[in-house]
Amino acid sequence: MQTLRRHKRPCSSLTCSLRKLSAGLADCKPILEERVWVSSICNQQINIQSVLQICARSRASMEGKVCHGQIILAGLQTDTLTSNMLINMYSKCGLTECARRVFDRMRDRTVVSWNTMIGSLARQGEEVEALSLFIQMQREYRPFSEYTLSSVICACAAKLAVSECKQLHAFALKAAINSNVFVGTAIIDVYSKCCLIKDASKVFEYLNGKSEVTWSSMVAGYVQNELYDEALLLFHKAQMINLEHNQFMISSALSACAGLAAMIEGKQVHAVLCKTGFGSNIFVGSSLVDMYSKSGSIEDAYIAFSSLDNKNVVVWNSIISGFSRQAQSLETMILFEKMQQIGMRPNEITYVSVLSACSHMGLVESGRRYFDLMVKEHELLPNIYHFSCMVDILGRSGLIFEAKDLIETMPFDATASIWGSLLASCRVYGNVDVAEFAAKHLFEIEPENAGNYVLLSNVYAANKKWDEVANSRKVLKESEAKKETGKSWIEIKNKVHTFVVGERNHSRIDEIYLKLEDLMVQMKKMDYKAKIDNDLHDVDENRKKELLRHHSEKLALTFGLMCLHSGAPIRIMKNLRICGDCHCFMKHASTITKRKIIVRDVNRFHHFENGLCSCKEFW
């Protein structure tokens with residue numbers, strides 16, 4: 001080192017680059033201390049491969065390119081190992097084209113060369129190129145490894161290429177590497193993403209030596225396919241065998257709890273999260289916020305949000321979406337402003353939540369203002385979800401014709417959801433003409449959905465057009481369309497109990513009906529009267545009352561009153577929109593029982609307390 005101090009030599013480009021790297025990377029210091037001089041790279045026998053590794057780790061593309069230049073000057077570009085490290089460096093820096101040029105110019109390619117290049121293409125979203133390169137590899141009779149196949153399978157998963165995935169699975173079976181944990185995990189992932197969850201489950205079942213990544217992939221697969229119960233069962237199995245949890249598995253378990261609105265179960269997963277120390281992970285934190293908000297406890301969601309030190313846009317979107325679902329529009333807007341004050345830029349998802357909050361509360365002018373703000377200030381192009389929110393805002397506020405005009409002028413083809421929103425608004429405001437117009441489009445888009453026929457029938461019934469009601473129901477019977485069964489569920493002691501209208505299969509159903517009758521007697525003393533207008537069957541008044549009395553959410557509430565301790569809030573989930581009679585019933589029930597009742601229907605949350613609802617009669 002004394003020589004270095006006495007004789008200053010000109011600084012080459014790579015040496016300068018290394019000095020820049022060494023300022024932020026401790027790994028660079030040993031290289032500099034070993035008298036590294038680029039100008040005499042061959043004589044000094046510099047370990048240029050170590051430099052490439054540093055560039056790859058630190059994603060230092062500029063310094064990596066300088067390194068590449070010096071490799072060419074030194075004549076080392078023909079060295080296979082060095083070329084492999086160059087491909088790796090460019091891949092890690094996201095420079096796939098540069099990596100491909102190095103790969104194409106190689107004389108001798110090893111399996112590592114192919115694996116690195118295929119993996120790079122798959123990670124950068126060039127799935128077709130990755131698969132094409134794998135096919136070329138096979139045509140040249142090149143040897144491959146489990147890493148090659150898993151990378152190609154992952155590429156097919158990103159493209160949801162079902163046929164190719166099955167062919168690759170068959171290829172793995174033929175090559176006898178289907179039992180390899182990397183290949184098996186990749187197959188599970190691809191089948192899950194392609195909605196072939198039964199196939200994914202079979203692969204998982206027969207796979208030996210499952211890693212924690214394998215378990216995480218299977219739990220995540222169940223969640224992606226909305227099989228939340230199965231996801232939690234698998235999560236508990238992992239706990240029973242003392243498998244070490246990672247952040248991905250915990251995040252998926254929290255998402256499963258969110259899907260079921262199972263807050264008791266969610267709190268137990270939260271406890272596991274605290275023990276494992278992943279609480280500061282922003283993705284896990286975002287899932288935790290989402291779980292509490294979808295379970296109806298926005299207070300706990302906000303506590304989880306506040307405890308995170310580093311919040312990215314995903315975390316902010318989770319809490320803003322949570323308040324939006326609870327129809328707390330003021331809090332949603334305040335958080336939207338705070339987000340921008342700290343320098344966080346809202347994205348398309350943020351605006352969907354804000355516009356949804358405006359929709360829930362009928363804030364037409366606020367909705368228009370935010371829509372304009374998104375386009376003019378944040379320069380975001382409105383997508384189909386933003387237009388859907390605007391149609392909903394206008395329709396719910398009675399501006400039916402304006403909503404219809406927006407649908408006809410927007411730069412997208414309207415989805416079934418948008419036409420359905422307009423049709424629902426027509427039912428509320430009795431606009432038969434626009435309802436028929438919307439229904440016509442719905443029948444074309446999804447002729448198998450019986451709910452659309454029923455919704456139009458409901459519009460006719462609300463306007464006392466019984467002939468049209470009979471005709472629409474006749475058309476429904478003659479078609480192959482199927483109506484989604486309305487159901488409600490409630491979590492009691494870590495078990496989810498599901499009810500349908502007129503339920504007869506529950507083990508305690510006789511007790512439930514007796515308790516419900518007692519509750520009805522108390523309600524009649526408070527002048528509760530069934531809102532028979534909400535039952536649109538063409539039957540007599542007594543029959544309508546009977547049908548309304550046994551709606552699924554009423555049965556779930558009654559069971560909750562029987563099983564939960566006095567004073568505990570009752571949380572009910574419903575797969576359809578809550579009807580007006582059940583809404584009125586829940587308000588009276590909250591007064592009689594002195595309980596807080598939380599109902600999450602397909603659109604929003606309703607918090608019933610002391611005879612009032614958080615929706616303020618707008619839903």
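Predicted model: local features only at pLDDT ≥ 70, side-chain atom pairs only at ≥ 80, totals over all residues.
Colleague: How many salt bridges does a search of the whole structure find?

Modeller: Side chains of opposite charge can pair when their charged atoms come close. Here a salt bridge is a side-chain nitrogen of Lys or Arg within 4 Å of a carboxyl oxygen of Asp or Glu. By that criterion the whole structure has 15 salt bridges. One of them joins the side chains of Arg100 and Glu129, at 3.3 Å from N to O.

Colleague: Which parts does the pair of Arg100 and Glu129 tie together?

Modeller: Helices (H or I, at least four residues) and strands (E, at least two) are DSSP runs, numbered from the N terminus. Arg100 belongs to helix α8 (residues 96–104) and Glu129 to helix α10 (residues 127–139), so their pairing links parts 29 residues apart in sequence.

Colleague: How far apart in helix α13 are Lys193 and Asp189?

Modeller: An α-helix has 3.6 residues a turn, so residues three or four places apart point the same way. Lys193 and Asp189 are four residues apart in helix α13 (residues 181–193), which puts about one helical turn between them. Their side chains form a salt bridge at 3.3 Å, N to O. Lys193 is partly exposed, with a relative accessible area of 35%, whereas Asp189 is buried, at 19%.

Colleague: Where do Glu402 and Arg368 lie?

Modeller: The side chains of Glu402 and Arg368 meet in a salt bridge of 2.3 Å, N to O. Glu402 is in helix α26 (residues 400–409) and Arg368 in helix α24 (residues 364–376), so this pair ties together parts 34 residues apart in sequence. Glu402 is partly exposed, at 34% relative accessibility, and Arg368 is also partly exposed, at 25%.

Colleague: Which residues do salt bridges with shared partners join into one network?

Modeller: That network consists of Arg100, Asp104 and Glu129.

Colleague: How is the length of a helix such as α9 to be read?

Modeller: The expected span of a helix is 1.5 Å times one less than its number of residues. Helix α9 (residues 111–123) has 13 residues, and its first and last C-alpha atoms are 18 Å apart, close to the 18 Å expected at 1.5 Å a residue.

Colleague: How many residues of α9 are buried, and what covers them?

Modeller: Of the 13 residues in α9, 10 are buried, so the helix is largely enclosed by the rest of the structure. Among the buried residues are Trp114, Met117, Ile118 and Leu121. Their cover includes α7 (80–92), α8, α10 and α11. After α9 comes Gly125, with a positive phi near 80°.

Colleague: Which residues have a positive phi although they are not glycines?

Modeller: Tyr141 is one of them, with a phi of about 55°. Tyr141 sits in the loop between α10 and α11 (146–159) and is exposed, with a relative accessible area of 74%. Glu226 is another, with a phi of about 60°. Glu226 lies in the loop between α15 (212–224) and α16 (228–240) and counts as exposed, at 57% relative accessibility.

Colleague: How many disulfides does the structure hold?

Modeller: A disulfide is a covalent bond between the sulfur atoms of two cysteines. The criterion is a pair of cysteine sulfur atoms within 2.5 Å, and the structure holds zero disulfides. For Cys67, the nearest cysteine sulfur belongs to Cys55 and is 4.9 Å away. Cys67 is buried, with a relative accessible area of 0%. For Cys93, the nearest cysteine sulfur is again that of Cys55, 7.3 Å away. Cys93 is buried, at 19%.

Colleague: What does Ser366 touch?

Modeller: Contact means heavy atoms within 4.5 Å. Leaving out residues up to four places away in sequence, Ser366 touches Met333 and Cys358. Ser366 is found in helix α24 and is buried, with a relative accessible area of 19%.

Terms used:
Residues numbered from 1 in each chain as written. Heavy atoms only, no water. Buried < 20%, exposed > 50% of the residue type's maximum accessible area, 1.4 Å probe, protein only.
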